[in-house]
Amino acid sequence: MAWEGPPPPYRIETERLVLRCYSPDDAQLLSDALNSSVDHLKPFMPWADELPQSVDDSRALLRRFRAAFDTNEQFVYGMFAADESELLGGCGLHPRVGAGGLEIGYWVRASAARQGIATEATRALTRAGFEVCGADRIEIRIDPANVASLGVPQKLGFPEEVRLRRRLPGRPDEPLRDAVVFTLFSEDFKGA
Ligand SMILES: CC(C)(COP(=O)(O)OP(=O)(O)OC[C@H]1O[C@@H](n2cnc3c(N)ncnc32)[C@H](O)[C@@H]1OP(=O)(O)O)[C@@H](O)C(=O)NCCC(=O)NCCS
């Protein structure tokens, strides 16, 4: 399902971060961030089973992300340090939660965890989702066991809307995981 409204910006600058649409030239930085974070990512990111990831594989993935950005399929961003010398994580706005809704996803490299990076990036994507894309609601879906991730929407004041059983895609050999859905509607967005 492609997003039918205006797309978000290719580049967003926050206090400490540059969020931008990936370029294939970011492949080395992506492999470094992912391959140094395998144990950190594996518990809740099934795709981490495929790590380590070669630079060539990262380049191919980034080309797909870039293409999908330009066709409004999903808006995947690298979270870069302000001088863009290091990739601190990834995040995105995903039009996969029904009409008018954008879902935010995120991961942060192990060495940058617990420094408020995911919160800072999610705050910026929330604003872009409402103010630029014209979303009616922004959702964040989290496994209830993922305590670190639950803290992000909670810090940003997203209300917890519902708990859904067996809803999150997981590993092929595992049952689906439950999801806590946090939803912020446009009329409740305070511009934080
Ligand atoms: C979840 C994740 C993205 C959080 O990123 P982060 O940049 O470390 O998060 P923040 O520093 O912005 O933390 C925000 C709040 O979340 C909670 N939190 C974050 N990490 C935590 C931890 N390890 N233990 C307990 N609470 C934690 C805290 O309430 C924190 O606020 P505080 O530091 O002021 O107490 C990161 O741990 C990660 O990449 N995990 C693996 C991938 C993943 O689970 N992605 C989310 C899928 S839904």
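This report describes the overall build of a predicted protein model, then one serine and a group of aromatic rings.

## Basis

The model is predicted, and local features need pLDDT of at least 70, side-chain atom pairs count only at pLDDT 80 or more, and totals for chains, interfaces and linings use all residues. Residues are numbered from 1 along each chain as its sequence is written, and side-chain values use heavy atoms, with hydrogens and water left out.

## Overall build

The protein has five helices and eight strands, taken as DSSP runs (helices H or I, at least four residues; strands E, at least two) and numbered from the N terminus. Their order along the sequence is β-β-α-α-α-β-β-β-α-β-α-β-β.

The C-alpha trace spans about 40 × 35 × 30 Å along its principal axes. The radius of gyration is 16 Å, which agrees with the value near 16 Å for a compact globule of 192 residues; it is taken over C-alpha atoms, and the globule rule is 2.2 Å times the number of residues to the power 0.38.

Of the 192 residues, 48% are buried (under 20% relative accessible area; exposed is over 50%, partly exposed in between; 1.4 Å probe, protein chains only). Among contacts (heavy atoms within 4.5 Å) with a separation of 6 or more, 64% are between residues 24 or more positions apart.

## Around S58

S58 belongs to helix α3, residues 55-70. Its relative accessibility is 0%, so S58 counts as buried.

The side chain of S58 makes polar contacts with the side chains of S31, at 2.7 Å, and Q53, at 2.9 Å. A polar contact is a pair of N or O atoms within 3.5 Å; within protein, one must be able to donate a hydrogen and the other to accept it, and residues adjacent in sequence count only if both atoms are side-chain atoms. Leaving aside residues up to four places away in sequence, S58 touches A27, L30, S31 and Q53.

## Aromatic rings

Rings of Phe, Tyr and Trp (its six-membered ring) pair if their centres lie within 6.5 Å; planes under 30 degrees apart count as stacked, over 60 as edge-to-face and the rest as tilted. This rule gives seven aromatic pairs. One of them is F69 with F75, edge-to-face with centres 5.1 Å apart and 80° between the planes. Both residues, F69 and F75, are buried. For F69 and Y77, the centres are 5.4 Å apart and the planes are at 80°, so this pair is edge-to-face. F69 and Y77 are both buried. Y10, F69, F75 and Y77 form one aromatic cluster.

R20 lies over the face of F80, at 4.0 Å from the ring centre. For such a placement, NZ of Lys or CZ of Arg must be within 6 Å of the ring centre and within 35 degrees of the ring normal.
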